[in-house]
Amino acid sequence: MGLICSAPLLNDGSARADDTPNPLFDRPALFDGPGTLRQSLREAGIDIRASWTQFYQGVIEGEGDREWEFGGKGDIIVNLDGERLGLWPGFSVNIHQEFVDGNDINDLDNGSFIPVNTALAFPRLGGFDYDTSIVFTQTFGPTFTLSAGKFNMLDAAARTPLLGGGGLDTFMNLGLAAPVSGVTPPYIVGASLGVNTEPVSFSFLLYDPRNAQDWDVVTHPFAEGVTFSASATLRTQIFDLPGIYTLRGVVSTDEDLDLSDVPQILLPPDFQDEIGTASDPWYVGISAQQYLWQDPENPGNGWGIFGQLAFSDGNPTPVQSSAILGVGGNSMIPGRSDDRWGIAYFRYDLSNDLLDALAEPPFNEILGPEEGIEAYYNFAVTPWLRVTADLQWINAFPGESEDAIFAGLRTQVRF
């Protein structure tokens, strides 16, 4: 619950009966509420959501640059309701425009290979400071949902109730905010089919294995292969508390660099042997989110445990296996149910073929898995203004490098 403006007090300390709290501080967004333009547009079928998230983050222990960096991310999401706009029932369009500004600490020389700030890592790691995703959706009754277009996969990660957030609301580290599979790029072109049945629902996704930040992927999809993902999700109750359990499998016809030959591409051409390729990557993972407490007055709020265990082929997929375990959700502090908190552990094991290749001369790099722990508390000053304190410990096992500790402050305004 957000803070509200206090009513004027009488001399005896009691509030005047005819005074009411300022509705500005109760709004879900700064410019949303009864009688606003946003409400009028939403009733007409145009729902616009915008936010700006600012980060101040740095390394307080470990190797690498100790300077703190200041950067921000803007998100504009537009949902169009086809029926309200005079088209046909069940049709909708989702548009997500994002852009980043300033600096981040994802490229510091501290030994970690997983970005410690998800929100500022994308779309920047693809070579751009902005990106646009558009998804067209048609529902067929309560059971089937068909979507196609360019998907921002951070949006899918953000929808998970306990773990999610996509780096904007909950965990910042990519290993937790949007768990890395190695077979699904951050932006994809494809189509999905959702089958909503009880107690198990199913999701099928067909997509181009390349990162769709490349415009050639959008204009010439599936030119280099196709990836198929299928998942089954069980929604159940344990002691009257909801749980979500998902099994996901991915197979692909993609062909990529043989990770055993990575050292070859780093050598001068005259010293290179034949560089090979590896094909048909696969991935399988199981995840769970189980509530341990729910707010009796607001069942949508609660906290619980979550975890994930995943494996892949290891070549050409660079991540061989991963594990996540944590606890988090809404705050149990009286009057602070809109706050969020969490603490989690993660471990990512790189491809054995890649590690073996880099251990050979002339590189002699003895690398290993990356593991870490992240803790955060997201304080809802109002429903539309949130401030998060974040702390991360990373052990990347890069030879003799020291463990790294990152601290950060995140402020978000929802317009």
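Guide: Aspartate 32 has a relative accessible area of 7% and is buried. The model is a predicted one, in which local features need pLDDT of at least 70, side-chain atom pairs count only at pLDDT 80 or more, and totals for chains, interfaces and linings use all residues. Residues are numbered from 1 along each chain as its sequence is written, and side-chain values use heavy atoms, with hydrogens and water left out.

Visitor: Why is aspartate 32 called buried?

Guide: Buried means under 20% relative accessible area, exposed over 50%, and partly exposed in between (1.4 Å probe, protein chains only). Aspartate 32 stands at 7%, so the word buried applies.

Visitor: What makes arginine 42 partly exposed?

Guide: Its relative accessibility is 28%, so arginine 42 counts as partly exposed.

Visitor: How do you know that arginine 42 and aspartate 32 form a salt bridge?

Guide: A salt bridge requires a side-chain nitrogen of Lys or Arg within 4 Å of a carboxyl oxygen of Asp or Glu. The N to O distance for arginine 42 and aspartate 32 is 3.0 Å, so the pair qualifies. Aspartate 32 also forms a salt bridge with arginine 38, where the closest N and O atoms are 3.9 Å apart.

Visitor: Why is lysine 150 called buried?

Guide: Lysine 150 has a relative accessible area of 14%, and therefore counts as buried. A salt bridge joins the side chains of lysine 150 and aspartate 131, at 3.0 Å from N to O.
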